[in-house]
Amino acid sequence: MATAFITHADCALHDMGAHHPECPQRLGAINDRLIASGLEAYLEFHDAPLATDAQILRAHSADYLAELRAAVPEHGIHHLDPDTAIGPRTLDAALRAAGAGVLAADLVVSGRADNAFCAVRPPGHHACRSRAMGFCLFNNIAIAALHALDAHGLERVAVVDFDVHHGNGTEDILGEDARVIMASTFQHPFYPYSGDRDAPEHWVNVPVRAGLRGEDLREIVTTRWLPALRSFAPQMIFVSAGFDAHLEDDMASCALVEADYAWVTAQLRALECAGGRIVSMLEGGYALSALGRSAVEHARALADL
């Protein structure tokens, strides 16, 4: 077995216009760095399938799915909100992104892979049950987690989110599901201006001020995340892997580096209750060089190399 790397060419066809930070070049930056690092020889590559309606509808309402399909333009770009737009091939990309998480869960639960990283876009953790927002259309991580629970019969899973923005959509979809714990850090006050209150009692949302550094993250993970995760004992971990808290990323004001993402990944991989069963999905990360370096070090830590 090995670490599965799941992606699809369709994910580069989603384009929200010139100068939008969530751009197709993000996946190219990861692929280029993967080749330069030599890590690709140690990964198992898979094409992401299209998610089915049934898989999507575990996390989203039927009305929302229908509205999204109806909004796809024949030409040009249609804005769903000031930050989030769709084009003629966006739905193909979004269905591949959601399908990647489903395939990853299948591979890991069945033992055909130790763990998996999904290099896909659009991202997902802001997508609510009935609303697109924050560059996100389908909540890929929630869809994957619910697939593991409902299709494979797992009893407890964890979502870990180290994106610089709070995963409000994930909380909207999974917050009342007692089978799920979420552990997250996010800059606050900052978009989407949530996460600092009203979370489920056993969840561990940790808002942080601008300037978060590696030593701060290590303290949060060691003293807050890991004790809660061990107590909940998830059978599998789903990671919303956003790399926009990187020092070089001007989307926010944090100061993490590649080694910090690798360290967090290693801590999650070592959790005995989950047995290294991790599905990780790309969320944010907009400084292309930093994104490529961080994602590859994250994948390297998943592969224990």
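Trainee: What links Phe5, Phe45 and Phe117 into a cluster?

Mentor: Ring pairs do. Rings of Phe, Tyr and Trp (its six-membered ring) pair if their centres lie within 6.5 Å. Planes under 30 degrees apart count as stacked, over 60 as edge-to-face, and the rest as tilted. The model is predicted, with local features needing pLDDT of at least 70 and side-chain atom pairs pLDDT 80 or more, while totals for chains, interfaces and linings use all residues. Residues are numbered from 1 along each chain as its sequence is written, and side-chain values use heavy atoms, leaving out hydrogens and water.

Trainee: How many aromatic pairs does a search of the whole structure find?

Mentor: There are 6. One of them joins phenylalanine 135 and tyrosine 286.

Trainee: What makes the pair of phenylalanine 135 and tyrosine 286 edge-to-face?

Mentor: Their ring centres are 5.8 Å apart, which is within 6.5 Å, so they pair. Their planes stand at 90°, which is over 60, so the pair is edge-to-face.

Trainee: Why is this pair said to tie together parts apart in sequence?

Mentor: Phenylalanine 135 is in the loop between β5 (115-118) and α5 (140-150), and tyrosine 286 is in the loop between β10 (278-282) and α9. So the pair ties together parts 151 residues apart in sequence. Helices (H or I, at least four residues) and strands (E, at least two) are DSSP runs, numbered from the N terminus.

Trainee: Are phenylalanine 135 and tyrosine 286 buried or exposed?

Mentor: Set the values against the cut-offs. Buried means under 20% relative accessible area, exposed over 50%, partly exposed in between (1.4 Å probe, protein chains only). Phenylalanine 135 has 12%, so it counts as buried. Tyrosine 286 has 15%, so it counts as buried too.

Trainee: Why is the pair of phenylalanine 162 and tyrosine 261 called tilted?

Mentor: The centres are 5.4 Å apart and the planes are at 40°. Phenylalanine 162 lies in the loop between β6 (157-161) and α6 (168-174), and tyrosine 261 in helix α8, so the pair ties together parts 99 residues apart in sequence. Both residues are buried.

Trainee: What makes α8 roughly parallel to α9?

Mentor: The axes of α8 (residues 258-269) and α9 (residues 288-302) come within 8 Å and cross at roughly 25°. Axes are lines fitted to C-alpha atoms, for helices over the stretch in contact, and angles run from 0 to 180 degrees between N-to-C directions. Under 35 degrees counts as roughly parallel, over 145 as roughly antiparallel, 65 to 115 as roughly perpendicular, and the rest as oblique. So α8 is roughly parallel to α9.

Trainee: Which residues of α8 and α9 meet?

Mentor: Contact means heavy atoms within 4.5 Å. Glu258, Tyr261, Ala262, Thr265, Ala266 and Arg269 in α8 meet Arg293, Ser294, Glu297, His298, Ala301 and Leu302 in α9.

Trainee: Which loop holds histidine 246?

Mentor: Histidine 246 lies between β9 (237-241) and α8. Residues it touches include Glu258 and Tyr261, as well as Arg293 and Ser294, leaving aside residues up to four places away in sequence.

Trainee: How do you know that histidine 246 is buried?

Mentor: Its relative accessibility is 1%, which is under 20%, so histidine 246 counts as buried.

Trainee: Where is tyrosine 193, and what is its phi?

Mentor: Tyrosine 193 sits in the loop between β7 and β8. Its phi is positive, about 60°, although tyrosine 193 is not a glycine. At 53% relative accessibility, over 50%, it counts as exposed. Proline 189 is also in the β7-β8 loop, and a cis peptide bond, with omega about 0°, joins histidine 188 to it. Another cis bond joins tyrosine 191 and proline 192, with omega about 5°.

Trainee: What makes alanine 233 partly exposed?

Mentor: Its relative accessibility is 23%, which lies between 20% and 50%, so alanine 233 counts as partly exposed. Its phi is positive, near 55°.
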